[in-house]
Amino acid sequence: MSLLTLENTAIVVDSTCDPPAGYFEGPGLVMVPLKVHFGDETYRDGVDLSPDEFFAKLVAAPMLPTTSQPTVGEFAAVYSRLSQEYEHVLSFHLSSRMSGTYQASLTAAQPYGGIEVYDTGTVSGTISLLVELLRRRLGEGISHDETHAYVEHFARQNHMIFQVPTLEYLRRGGRIGRAQSMVGDVFGIRPLITVQDGELVAYAKVRGERRALETMTALLREHTAPADAVKLITWSSVADDKLPALEAALLEARPQASVVMHGRVGAVVGTHGGPGMFAFAMIVE
Amino acid sequence: MSARGHVLEVLAGASAALGLERDYINDLNVYPVPDGDTGTNLFLTVQAIIDEVGASPVGDLPGLMAVVTRGSLMGARGNSGVILSQIVRGACDSIAAAQTFDAAAVSDALRQAAEAAYRAVRQPVEGTMLSVIRAMADAATGSPQTISLPVLLTTVSTAGAEAVDRTIDQLEALRRAGVVDAGGYGLLVLLRGAVAGFLRAETGSQPPAAVVADGSDRRRGRASRHIAGIPPDAIEDSRFRYCTSFLLLGEELDAADLERFVGAQGDCALVVGGEGMLKIHVHTDHPGAVLSYASAHGTIDDIEVADMREQTRARRARLRLDQRVACVAVAAGEGNKTLFRELGCEAVIDGGQSMNPSAAELVAAVESLDAGEVVVLPNNGNVILTAEQAATMCDRQVAVVASASLPAGLAAMVAFDAGATATANAVAMQEAMLRVRSAEITHAVRDSEIDGVAVHEGEVIGLVEGRLAASGDDLRLVFGDVVRTLGTQGAELITILTALNGCGVSVADLQRTAAEACATACPLVEFLFQEGGQPLYPILMGAE
């Protein structure tokens, strides 16, 4: 069987992977949008609404928006086209415990041969990091088994953590999973949330900005050795001051690490996380 | 009233009764899968019938029965919804043939409803909706031929209730969980609601209480207690993950062949319908395989795939309330009390320096909470003993975390986790508390010597862990000294609870003072000011 390369392999994601602006505009890259609904108005995440436009609307909206997953038909249209143009199609989606998107894509892929649909077990920029690192391998050409093994490795070994100023949005969207009982937004508590078994869970209840940043960095220390060449992605809902401080702290803890890319929280993740969210994800390759 | 009016009243009655009981039926749901959606499925199936009738102009009884049958088939959701659609089909076929609604017709309708339901299920199980509909049919058949319709309906309703009661002994899963069958109970609720609607249409008045499902049913009380007590491991997860249902439209659909294929993909397989439309339901790990097989034979529509593992988890979380842990704190000052509540403390009672609560008040606070275990934070050295005494008097597990000050108690409260046991909480909260150094600023009540320093009545004194750290006439200066002391001793975050009424100092003054006091000695310290409102102490501090 031929090797998978950038030329013969298409990658499909859904818009919850919160990539850097324009990342999925290249050939062989397709981002299927989830939708966000402000009252009767529906927008396709990342298509009709940029992150900046979304957060401006979010702050001004009288009611919180809601979100919905792509339909089976929307995925089927993409798969139908790509399966004719490419030998291989890899499709990566947010945890099936957070959304039915994976199930919809799986159902849509069923009639077509050669489409591998993955439940990444995580969400947001972490998925963009997976795609970017996988694409670097596709650049060299890798076998089907190696591709599968790498995705499995990534799914098992990645870690992500994010901080939100308030748990209000997560709570109202019902997406808080096992972090349900967590208190935030009072007494200087900075809610820190991670993903475990495909669900959001409270990582730690920490008070004070500096200690919250230290605790985020502690996740990196905990899962890596000092000499590990860790690959990182950082991302946030608004392009502001949080990321430079976070990156400085991460690179101080692990000087061999490199920040592969910077993502932006899109409309769907933003609906559930709210403004002011910032995060990093890591993988030791 | 017209046939259409009657049918709409019956449906409205069923829908209203299910609407009232929907959540409760969801909570009862442990069989065949504890996914907690039986009430919702029954309710939405009835809703679909109402929508179908509403959208159709048909007015004659046989025509209406066909519309109801079609609506129930198209709208059937979940295992219980699909079985309900067959009960509806059997009853509607019978009533359409009889062209009337008298006692004999209703009796025959129940018989045909039961038969249709049994036919739909490959391996009928007793202790479910099936046994309930059959008991109702048997009661109707066994009644004297001269019986009036209202009396017949009451008899049927009573027999249904008894059948629901029996389900708990008929099925091992129900017996272990200590609940009656959700589908069976839901069917009873639906029937009672439908009967109430029918009698309303007949007489234009309210029906007798015996046939109305009003949420006060005796089973409700009995089973409610059971629900709360269901041990999590008494309920088995489904072997299969996805509850999959959809409509299949096409000419000459081979129901038997589809049933064979679908049945091999999982369990709870149901293939029902006819005349160019089948409703297919199965619990499977491979919804895609089922859909693609079916799509080769016709057009698929109204696909619904629910993750039962997730539903099961959600149901458990909902019912785990009695196993949860809550917290009681003793606090003085509105700001401090609010803070404890915001941090997740469910009962905050007044108390503190020179205003200690009694053990009885603490016991009452603990026992007022809907929680199996309780953590108590006394937040004052003088209240610890009382709290420990109260703990021995309570009707449940109580752990006292011996917090001797409000700042210590707040630090402990931050570590509180409602998802952990009281014992695990006590350990974590104790640890959090030990990382905090408490400080306070107050006025000396008399001339005295504290730790070798002479202080005068009315003078401002700053204490760190009970020892004099600073004193003087100016609150700001003493505060600055104490903050610097805490900062240079390694504090990263200093929480400052203020009660500045009558002190002639504002929070903004203190913020400036703190920043200046630490600017060179310990510039990385963060401050968090909160209005505490405690008596006697203008400032309480926790440093960690």
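Here's a quick briefing on chain A and one of its strands, β6(A). This is a predicted model, where local features need pLDDT of at least 70, side-chain atom pairs count only at pLDDT 80 or more, and totals for chains, interfaces and linings use all residues. Residues are numbered from 1 along each chain as its sequence is written, while chains are lettered from A and ligands numbered from 1 in the order in which they are written.

**The whole chain**
- Chain A has nine helices and 13 strands (DSSP runs numbered from the N terminus: H or I of at least four residues for helices, E of at least two for strands).
- Of its 285 residues, 50% are buried, meaning that 20 or more other C-beta atoms, placed from the backbone, lie within 10 Å of the residue's own.
- Take the contacts in chain A with a separation of 6 or more: 74% of them link residues 24 or more positions apart (a contact puts two C-beta atoms, placed from the backbone, within 7 Å).

**Strand β6(A)**
- β6 covers residues 88-93, and six of its six residues are buried.
- A:His88, A:Leu90 and A:Phe92 point one way, while A:Val89, A:Ser91 and A:His93 point the other way.

**Its neighbours**
- Strand β1 (residues 9-14) runs parallel to β6(A), joined by five bridges (strands pair if DSSP finds at least two bridges between them).
- In this pairing, A:Ile11 has A:Leu90 as its bridge partner.
- Five bridges also join β6(A) to β7 (residues 115-119), again parallel, and A:Val89 partners A:Ile115 there.
- From β6(A), the chain crosses through helix α3 (residues 101-109) to β7(A) in a right-handed β-α-β crossover: with the strands pointing away from the viewer, the path from the first strand over the helix to the second runs clockwise.

Note on methods: A residue is buried if 20 or more other C-beta atoms lie within 10 Å of its own, exposed if 12 or fewer, and partly exposed in between; C-beta atoms are placed from the backbone.
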